[in-house]
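This report describes a protein model for a reader who is new to structural analysis. Please keep the sequence and the structure in view while reading.

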Amino acid sequence: MTNLLSAATSGLLFSIGLTVSGMINPAKVKNFLDVAGHWDPSLAFVMAGAILVTLPGYALLKKSSKPWFAPTFSWPTRQDVDAPLLTGAVLFGIGWALSGLCPGPAIAVLPTANPTVAGFAVTMALGMLIAHRQSRLNETIPR
Amino acid sequence: MSTEFTPFASFLGGMFIGLAALILMAAHGRIAGISGIVSGWLTQYDDKTRVNTAFLVGILLGLPLFASVTEQTPVIDIDSSLTAMLIAGLMVGYGTVHGSGCTSGHGVCGISRVSARSLIATATFLLSGTVMIFISRHLVGGT
């Protein structure tokens, strides 16, 4: 139970962070990307604040042997820059700019029952399922 | 529509996000990548499901808790049409799974691990988002 509480606390802090920082406001996100117009550089400060905590914290955690409630740390291992990484990032960036929402805020804003955000979350889930299905197919088809 | 530049609130919110990412790694050895957690929750039932569910419950509670404690209604301004939002959702969902991460997984956690792969992905979605906003706001017109 304690272990699930820590995961819920992490989610809660994450969501409060999104709210306090203004990342849940699509207009603010779009203005962050609008360097030639109503530029609002606030979101660069969100990233800076987060990395300032996470970077040294991760460096410390990398020295410890195991997490509190799991047998091992699941550090990502991939280092290659492949086509899916780049095409995926390009598509995500376009969708992010078009809507002003990325996955975290889309979920965090759901409780406000905003129908447009709910619609976004549904098609986002659909897009995730399509990409997941596609990668499963690619794994099973011998090449 | 212009938005207020909020460096302090955004930096503080970013630190909350960073702390959340640290807790999830320290407790469960997991990267706080929202697209990975949401798509994992949608597609497979395994040993990660309970932690993913608890984390997502925390995400959903953040905004209502913030709103009730501070007695403020967070600003959520959406100027895109519903059609644009639905298409954007599809692109965000597909792009983040195809490209193995979003603003949190690549932008915060990946950069904090000093991963070149995540740094390149982050630069790519920031660039494609900036170009998309430039086209939609300054070349084609619109808002």
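## Terms and basis

On a 1 Å grid over the protein atoms alone, a pocket is an open set of points with protein on both sides within 12 Å along at least five of seven lines, while a cavity is a set of points where a 1.4 Å probe fits but cannot get out. Lining residues have an atom within 4 Å of a point. Grid points are joined across faces, edges and corners, and a volume is the space filled by probe spheres set on the points.

The model is predicted: local features need pLDDT of at least 70, side-chain atom pairs count only at pLDDT 80 or more, and totals for chains, interfaces and linings use all residues. Residues are numbered from 1 along each chain as its sequence is written, chains are lettered from A and ligands numbered from 1 in the order in which they are written, and side-chain values use heavy atoms, with hydrogens and water left out.

## Pockets

The largest pocket has a volume of about 1200 Å³. Its lining consists of 40 residues, and those nearest the centre are Gly36(B), Ser39(B), Val97(B), Ser100(B) and Gly101(B). Helices (DSSP runs of H or I, at least four residues, numbered from the N terminus) from both chains take part: helix 4 (83-99) and helix 6 (115-140) of chain A, and helix 2, helix 4, helix 5 and helix 6 of chain B, each give two or more residues. Helix 6 of chain A gives the most, with seven residues. By class, the lining has nine nonpolar, 22 polar and nine charged residues. Here Ala, Val, Leu, Ile, Met, Phe, Trp, Tyr, Cys and Pro count as nonpolar, Asp, Glu, Lys and Arg as charged, and the others, Gly among them, as polar.

For the second largest pocket, the volume is about 320 Å³. Of its 16 lining residues, Thr19(A), Val20(A), Gly22(A), Pro74(B) and Val75(B) lie nearest the centre. The lining divides into six nonpolar, eight polar and two charged residues.

## The cavity

A search of the whole structure finds one cavity of 30 Å³ or more. The volume of this largest cavity is about 170 Å³. Among the 17 residues that line it, Met23(A), Val46(A), Met47(A), Thr103(B) and Val108(B) are the closest to its centre. The lining has 14 nonpolar, three polar and no charged residues.

## The interface between the chains

In chain A there are six helices and zero strands. Contact (heavy atoms within 4.5 Å) joins 106 residues of chain A to 100 residues of chain B. The size of an interface is often given as the accessible area lost when the parts come together. Chain B and chain A bury about 9500 Å² between them, with 76% of it on carbon and sulfur atoms; this buried area is taken with a 1.4 Å probe and summed over both parts. Tyr94(B), Arg113(B) and Arg117(B) supply 7% of the area that chain B buries against chain A, more than any other three residues.

How many salt bridges cross the interface of chain B and chain A? There are four, each defined as a side-chain nitrogen of Lys or Arg within 4 Å of a carboxyl oxygen of Asp or Glu. One salt bridge joins Arg117(B) to Asp80(A), with the closest N and O atoms 3.8 Å apart.

Definitions and conventions:
Buried area is the accessible area (1.4 Å probe) that two parts lose on being put together, summed over both.
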